[in-house]
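I have kept to what can be computed from the atoms, and each term is given with its cut-offs where it is used.

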Amino acid sequence: MALDSATLVHLARLARLSLGASELELLGADLDRTLAMIDQLQQIDVNGLEPLAQPQAPDTGNRVDSVTEEDHSAQLLGLSPAAEGGYFLVPKVIE
Amino acid sequence: MSQTQWQAVIGLECHVQLLTRSKMFSGASTAYGADPNTHACAVDVALPGTLPVANAEAIRLAVRFGLAVGAHIRPMSVFARKNYFYPDLPKGYQISQYEEPIVEGGSVRVAVGDGRSITVALTRAHLEEDAGKSVHDAFHGATGIDLNRAGTPLLEIVSEPVMHSAAEAAAYMKTLHRLVRWLRICDGNLQEGSFRCDANVSIRPEGDSTLGTRTEIKNVNSFRFVEKAIEYEIERQIRELEAGRSIVQETRLYDEARQQTRPMRSKESAHDYRYFPDPDLPPVVVPAELQEAERALLPELPDARHARYLEALQLSAYDAGQLTGDRETADYFEALLSGVPGQAKLCANWVLGEVSAALNAAQYDIVACPIAPAQLAGLLGRIVDGSISGKIAKDVFTAMWAGEGSADAVIAARGLGQISDDSALVAAIDGVLAASPEQAGQFRAGDEKIFTWLVGQVMRATRGKANPSRLNQLLRERLQSC
Amino acid sequence: MSRIEALDTVSGQLAALAAGSATAIALVERSLERAAALVELNALITTTADAARATAARLTPGSGPLAGVPFAQKDLFCTRGVRTTCGSRMLADFIAPYDATVSERLNAAGAVSIGKANMDEFAMGSSNENSFFGPVRNPWDRQRVPGGSSGGSAALVAAGVVPFATGSDTGGSVRQPAALCGVVGLKPTYGRVSRYGMVAYASSLDQAGVLAHTADDCARVLAAIAGADPRDATCSTRPLDDYVGALGSGVRGLRIGVVAEYFGAGVDPAVAQAVRGALQVLEREGAVLVDVRLPSLPLSIPAYYVLAPAEASSNLARYDGVRFGHRCDAPTDLADLYGRSRAEGFGTEVKRRILAGTYVLSAGYYDAYYRRAQRVRRLIANDYQRAFTEVDLLAGPTAPDVAFALGEKAADPLAMYAADVNTVAVNLAGLPAISVPAGFVTGLPVGLQLVGPAFGETRLLAAAHALQLVSDWHLQAPGAAA
């Protein structure tokens, strides 16, 4: 069940990974083999089995609605590779 | 020209910002208007290692909504990740609810004008977090991202596609807006983006049961523009189909200047959101006790109030509708009425008249009204017991608004008490008759119209304080007796 | 081979500090000297010598349960002011403004961090060959891998640089390197220790763990880090057991299930023999060995390699060059910013798993892969649950072989994945497990894995402790320049 290159390109796009042709080919081959291995699961009879999402039932309650955080903007903006005037910057987005 | 009769099919998805102090999954503030990124904490900025923890109040408010619309509240619902990349979405996914939302079903009754009502069924309502904001014009070649809004709790309310005109959609939006404010789950501030609606619009030949391709009109922030945008879109789709073209499934924005919808440029054709249950969050549990507690706290809903005003208080449909436009006005009216029992129409007139005008002029909401219902009841009581005329009452009202004191205090201070004492009135009448023998003669000769002039003269002489009905009676007696 | 010293253990160091025969500063210097001497192991990404000295100087011995004991932290635990790289170019310069809960609690207990341990990038790997900062070398044989992803942590303990280190375990990443490096590696029950500030790989599988030479030391560290944390909604509020106090419980009457599937075809016969030998030691101490089966065990690899990459693909979406982390030069537009920053920032194995995870969640495949894998996960968890109705603990080799040569499996990811078969099922079921030194094959360490029922850490530690009272594999140390 080899993945076609269009699917691979689509996956890379979905995952926002700009991969060169050769890298894409290598990763594609790896993905093919992984998917073949994963396909073992198709043989299993999963009738009557409920999906297990969280291995232990969480018992922590929800948060009380109160403001516990102050202004961290200087610190947080300081972590960014591109921040100005109090904003995080990205290349211009047109809507 | 086409022979096809087209039917528009419209569904609305409304994003309602819930009235919590802190965010859906973090303890940062949700207060509007702060400097950029000052209300964003490490969790909101999605720093590595941070984790979400759900806000109990947001869950409670969602339950309140579900109960108010007669929906099914899921005892257990699940948070899911909606994965996509956008700069205002720090984690690269939005925590929302997908297959198992907290509220399912329910309906809203909507008055669509001319005494007609429709019932709009709801598909579901679910909890999710809001994204941040982009600022496009402030930076050269760049877009600025403000994450203050990121993580604010939203209730997304999805209607069934059961509306068939822009007017119906706008009426539904207004009704829903009133309801969420009424329930105190949202402040409904359209300018601040607390209440936003996306409209899904498609058309089909009349009588068809399948749905046509739909477009989504996003983020229109006023009732008027929603109606205009949908109107335009319906016409556009009809034009397209009648020209033999097909409708492209896409997201569109409303261009207010051109009064048209146009496609959003940056959206891709189809998102693959790769939803899966969020492993960082336990299921949302709503125990029966929480449901019952919220049910007990539900206020009388707008429709029930409206009906009560019509039936029990005998108010007109117009008055009832205006008074139940928001909960604060209805509450003010009822507090006022409790101070002047049996005077529903008088109270309605004053709330919708003087009070409303004064609030508008001062740009106040009714909760900021400087005259409390009990104080206004004092004033209306003096009209009812004849101490002052309605006309004088308006002056007293103005004085009370300006802070001169209670109704009685103003009446006493300005000597505005209506003259009901017969001897004083007779004296005033006799004075006027003596000064106006010609007009008196005209009346006795059969000129009924001159009576009004004479009344006016007595009113002037008493500086408006004469009790009108008593004056009429006594004037007639005096004229006839002389 | 040589033997470890008393000062290579937490208990030994605490005793020396209490007796006054060592000072905190001296212990820190000892660690720093050894770290410097063993820099070729490449086990540390960041060494915080000055901060460690300053902390040690301020410390009062006995002021906390771990006061004065130097340790290393796997470089995915956020440490305020000190970079947290996750072994990745993406976070090579990232300095978190907060401490992970685990870091915070260890600091509060008085332990002294000497630095951040090397690891497979974003915890994805079983050999510590996937680090942007270069591979870690096994102290027992510098040409071999230490295991992964907590390879640096295991190597630092094995080499006597620190008496304990923190790690994380998603599919075996604490236990397997512990086995390959001849130390004890404890993975607590999912939810026993907070994940707040521990950079996420796969949220429903990740758990913080401890590496040390003795079960006693692991118990002490677990007691310091475990317990409720309101910042992590998946962290249990269940009270802690007395891990240290219960160490001496012994194994008399303890039913240990010897899992046939743990001794599968891929396990080296010499390794299997060593592990059986260790089990016989326990039997002599009073444990009862019972043959058990976990028929679904072989499914754990495909299930894991659906679920872990899926969650990872979502967890790693936040690394986009916008708010922190690596950003490409001169991005031409948003797509370029994301695409190149991520392609440059992530290594090959991370990209593999992101692509696989994206695939199994994508439209049309969710049911066939993700949901199906979750149902198989249930099957595996049920198997364990059933086994624990028959026995108290389960046992088998932690890894199928001793440490392999650097580069040997790098070209064959699937072979690398397959070797995790004895460990990943434990994470799928969310159970606690421990790897204990159980012998040597060709001079290289072998680990015995014991698995317990949920929140059964006490029994695990007691069994490991019992083994260590009557064996000395854990007291062996690699010779100088092995």
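1. Chain B is divided into domain 1 (6-290), domain 2 (300-414) and domain 3 (422-481), the bounds being those of an automatic or database domain assignment. Taken over C-alpha atoms, the centres of domain 1 of chain B and domain 3 of chain B are separated by 67 Å.

2. On conventions, this is a predicted model, in which local features need pLDDT of at least 70 and side-chain atom pairs count only at pLDDT 80 or more, whereas totals for chains, interfaces and linings use all residues. Residues are numbered from 1 along each chain as its sequence is written, chains are lettered from A and ligands numbered from 1 in the order in which they are written, and side-chain values use heavy atoms, with hydrogens and water left out.

3. Between chain B and chain A, 52 residues of chain B are in contact with 33 residues of chain A, contact meaning heavy atoms within 4.5 Å. The two chains bury about 3500 Å² between them, 58% of it on carbon and sulfur atoms; buried area here is the accessible area (1.4 Å probe) that two parts lose on being put together, summed over both.

4. How many salt bridges and polar contacts link chain B and chain A? The count of salt bridges is zero, where a salt bridge is a side-chain nitrogen of Lys or Arg within 4 Å of a carboxyl oxygen of Asp or Glu. On the side of chain B that touches chain A, the elements that give two or more residues are α1 (56-68), β9 (133-139) and β10 (142-146) of chain B, and the largest share, five residues, comes from β10(B). Helices (H or I, at least four residues) and strands (E, at least two) are DSSP runs, numbered from the N terminus.

5. Strand β2 (residues 87-91) of chain A pairs with β10(B) in the antiparallel sense over four bridges, and Leu89(A) has Gly144(B) as its bridge partner in β10(B); two strands are taken to pair if DSSP finds at least two bridges between them. Within chain B, β9(B) and β10(B) also pair in the antiparallel sense over four bridges, with Ala142(B) the bridge partner of Phe139(B).

6. Turning to chain A and chain C, 50 residues of chain A are in contact with 70 residues of chain C, and about 5100 Å² is buried between the two chains, 68% of it on carbon and sulfur atoms. Leu41(A), Leu52(A) and Gln56(A) supply 13% of the area that chain A buries against chain C, more than any other three residues.

7. The count between chain A and chain C is three salt bridges, and the side chains of Lys351(C) and Glu23(A) meet in a salt bridge at 2.6 Å, N to O. Across this interface there are also 23 residue pairs in polar contact, both residues being at pLDDT 80 or more. On the side of chain A that touches chain C, α1 (5-14), α2 (21-38), α3 (73-78) and β2 of chain A each supply at least two residues, and α2(A) gives the most, with nine residues.

8. Over all chains, a search of the whole structure finds 65 salt bridges. Arg81(B) forms a salt bridge with Asp278(B), the closest N and O atoms being 3.2 Å apart. Arg81(B) lies in strand β4 (residues 80-83) of chain B and Asp278(B) in the loop between β16 (276-277) and β17 (284-285) of chain B, so the pair ties together parts that are 197 residues apart in sequence.

Conventions. Polar contact = N/O pair within 3.5 Å; in protein donor to acceptor, adjacent residues only side chain to side chain.
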